[in-house]
Amino acid sequence: MCAAGGFDRAMISSLRGSTWLPVALHVETKVDGPANEALRRFLTDAEIPLASSMPETELVRRRAPALIRQAQSDGRVFRPLIEISGTREYVAAPIVAGGCVLGFLHADTYASGRRLTDADRDHLQTFADGLGLILERTVLLERSRLQHDRIADALRAVRATSEVLGTAPVQLARTITQRRAVVAGRSSPSPSAMIAAAPPLPDGLTPREREVLRLLAAGATNAQIANALTVSETTVKSHVKHILRKLRASNRAEAIARYLYLARTADRAL
């Protein structure tokens, strides 16, 4: 931006609520000058509250660039920054993405002393508009990547469940027992009943983790498990995490699939 627009210094900032946060400063000429060194130190971790009269506040309200002349005597500017930078005038433009102002671009001609014009202000806004489009595209790409990863995880879980269930033996007696329960008008077993009825699990799980896994296989939610075991949902989540690690399962579906496979294997052995 400095090279294309003839600016000596440029700064990019982010916006967090009503706080202006300088992110990076670029100096095109007199890089190691005292004023620029002092400015770099000042901007490090700086957090500038936006007052209602400041030009930067107007950037957020109007979403339009500004040319600030006679900055040293302008009562609206952030005085500490103007005094340390020594800037006489500057241009500023909002960075807009997704319909929100995310930050600012600032530029001046401190070293050359060239007078800034409306064209400089408009050029800065052109760069800010382009940066906003880049940020929007970056966010969309990241969201697309996350969605792709989630879909891939779901497909892996379905594949793992299908492989386990596909190798499970067919047991007619088990199906008939379930149908009798329906004909007799009895309701399906509760999660508490499933704890007592389920087959034993491999060593490595604690008694509480075994109860949690059996309730998961019964279709209980974290809240229902917490209610059945008289514990908090946070405790249930911790147990689920340990179960997944011990069973080497990537998610709940895979853990339940392995549980069902072990249950069928135990029935066949009997």
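Start with arginine 9: in this predicted model, its charged end sits over the ring of tyrosine 110, with 4.2 Å to the ring centre. Arginine 9 turns up again in the surroundings of asparagine 36. Setting aside neighbours within four places in sequence, asparagine 36 is in contact with Arg9, Val27, Thr29, Lys30 and Val31. Asparagine 36 belongs to helix 2, residues 34-43. Is asparagine 36 buried or exposed? Its relative accessible area is 2%, so asparagine 36 is buried.

Next, the aromatic rings. How many aromatic pairs does a search of the whole structure find? The search finds one. The partners are tryptophan 20 and phenylalanine 104, arranged edge-to-face, at 5.9 Å centre to centre and with 90 degrees between the planes. Tryptophan 20 is in strand 2, residues 19-27, and phenylalanine 104 is in strand 6, residues 100-108, so the pair ties together parts that are 84 residues apart in sequence. Both tryptophan 20 and phenylalanine 104 are buried.

Now the helix packing. Two packed helices are described by the angle between their axes and by the distance between those axes. For helix 8, residues 207-217, and helix 10, residues 233-247, the axes come within 10 Å and cross at roughly 90 degrees. That makes helix 8 roughly perpendicular to helix 10. On the helix 8 side, the residues that meet helix 10 are Arg208, Glu209, Val212, Leu213 and Leu216. Helix 10 contributes His239, Val240, His242, Ile243, Lys246 and Leu247. By type, the residues of this contact divide into six nonpolar, two polar and three charged.

Staying with helix 8, its buried residues are Glu209, Arg210, Val212, Leu213, Arg214, Leu215 and Leu216. Take valine 212 from that helix. Valine 212 has 0% relative accessibility, so it counts as buried. Beyond residues up to four places away in sequence, valine 212 touches Ile225, Leu229, His239, Val240 and Ile243. Valine 212 and alanine 228 are 16 residues apart in sequence, with a C-alpha to C-alpha distance of 9.6 Å. After helix 8 comes glycine 219, whose phi is positive, near 95 degrees.

That brings me to backbone angles. Most residues other than glycine have a negative phi. Glutamine 70 has a positive value, near 50 degrees. Where is glutamine 70 placed? It is in the loop between strand 4, 66-68, and helix 4, 79-85. With a relative accessible area of 60%, glutamine 70 is exposed. Threonine 230 also has a positive phi, near 60 degrees. Threonine 230 is found in the loop between helix 9, 222-229, and helix 10. Its relative accessible area is 71%, so threonine 230 is exposed.

Last, proline 65. This residue is in the loop between helix 3, 55-62, and strand 4. Which residues does proline 65 touch, not counting those up to four places away in sequence? They are Leu59, Ala92, Ala93, Pro94, Arg121 and Gln125. Proline 65 and valine 91 are 26 residues apart in sequence and 7.3 Å apart in space, C-alpha to C-alpha.

Definitions and conventions
Residues numbered from 1 in each chain as written. Predicted model: local features only at pLDDT ≥ 70, side-chain atom pairs only at ≥ 80, totals over all residues. Heavy atoms only, no water. Phe/Tyr/Trp six-rings, centres within 6.5 Å; stacked < 30°, edge-to-face > 60°. Helix = DSSP H or I, 4+ residues; strand = E, 2+ residues; numbered from the N terminus. Buried < 20%, exposed > 50% of the residue type's maximum accessible area, 1.4 Å probe, protein only. Lys NZ or Arg CZ within 6 Å of the ring centre and 35° of its normal. Contact = heavy atoms within 4.5 Å. Axes fitted to C-alpha atoms, helices over the stretch in contact; angles between N-to-C directions. Parallel < 35°, antiparallel > 145°, perpendicular 65-115°, else oblique. Nonpolar A, V, L, I, M, F, W, Y, C, P; charged D, E, K, R; others polar.
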